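Hello,

Here is the structure for your files.

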Amino acid sequence: MSSPTTNAALGGGAQVKSAVRTIELLEYFAGNTGMHSLAEVQEQTGYPKSSLYMLLRTLTELGWVETDATGTRYGIGVRALLVGSSYIDGDAVVAAARPTLDLLSEDTGETIHLARLDGANVVYLATRQSQHSLRPFTRIGRRLPAYATSHGKALLATHTDEQIRRLLPEQLEPLTEHTHTDREKLIEELAEVRARGYAVDREENTLGVRCFGVAIPYRSPARDAVSVSVPVARLSPGREETIRHALFDARDRLTLATRHF
């Protein structure tokens, strides 16, 4: 298995095989929840079974991987949570954004997300849950294709068309029946996003949910964005305009809060 994250980080330089395999294995477990047999992991990674077993045993002893009661199935361990939490806790943008996320949550009454572009994906860094019983749920650390989310499209729109073509394949994998599957059609929409200043996810990630997102322009291309998610059933006439104004206000506040970053 070849990890895009690992390859990009190494940039083609010298690789320490055991370190690369360790990172790729942890990324495999992070992206495939639940417990997996040795045979399943070996099939997906392509590692020799003997070296894979020793690596899993070492990671299990160190707490990065856990096993089930039988000791024959493997999943991500608690150490990964500790590292992930320390990343969030130590991130300056997340800290600076907290008051604005709280205010945006109060102003809209809907679910709020702060996300960061990571390659062709977005990763959720912070969330504020809606108080309504009908609401979308997204966990911190979740990774989704940028082209299928409002904050992802807002971030992609800060890149040039050629940068987007290098980042995304021609054919995009659909998450729902509404997801863009043609890169060039997505690029056409991103031109509209640049013109109006915000992006819309029209049930492209989750059926029944529409999302609105804006990029935070403290760097160029932008790295972070904030979004508001609303169940379509609650999206009454005029509601989109109210959310748009609240998002623009949040963007201005976040631009001010991150001006020294």
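**Aromatic pairs and a pocket**

F261 is partly exposed, at 43% relative accessibility (buried is under 20% relative accessible area, exposed over 50%, partly exposed in between; 1.4 Å probe, protein chains only). This is a predicted model: local features need pLDDT of at least 70, side-chain atom pairs count only at pLDDT 80 or more, and totals for chains, interfaces and linings use all residues. Residues are numbered from 1 along each chain as its sequence is written, and side-chain values use heavy atoms, without hydrogens and water.

There are 3 aromatic pairs (Phe, Tyr and Trp rings, the six-membered one for Trp, with centres within 6.5 Å; planes under 30 degrees apart are stacked, over 60 edge-to-face, the rest tilted). One of them joins Y198 and F248: centres 6.0 Å apart, planes at 75°, so edge-to-face. These two residues are 50 apart in the chain. Y198 is buried at 8%, and F248 is buried at 18%. Y218 and F261 also pair edge-to-face, with centres 6.2 Å apart and planes at 90°. Y218 is buried, at 13% relative accessibility.

Y198 also has a charge over its ring: the charged end of R196, 5.0 Å from the centre (CZ of Arg or NZ of Lys within 6 Å of the ring centre and within 35 degrees of the ring normal). R21 sits likewise over Y47, at 5.0 Å.

Y198 is also among the residues lining the second largest pocket. Its lining residues divide into 8 nonpolar, 2 polar and 2 charged (Ala, Val, Leu, Ile, Met, Phe, Trp, Tyr, Cys and Pro are nonpolar; Asp, Glu, Lys and Arg charged; the others, Gly among them, polar). A pocket here is an open set of points on a 1 Å grid over the protein atoms alone, where a 1.4 Å probe fits, with protein on both sides within 12 Å along at least five of seven lines; lining residues have an atom within 4 Å of a point.

Best wishes

Definitions and conventions. Helices (H or I, at least four residues) and strands (E, at least two) are DSSP runs, numbered from the N terminus.
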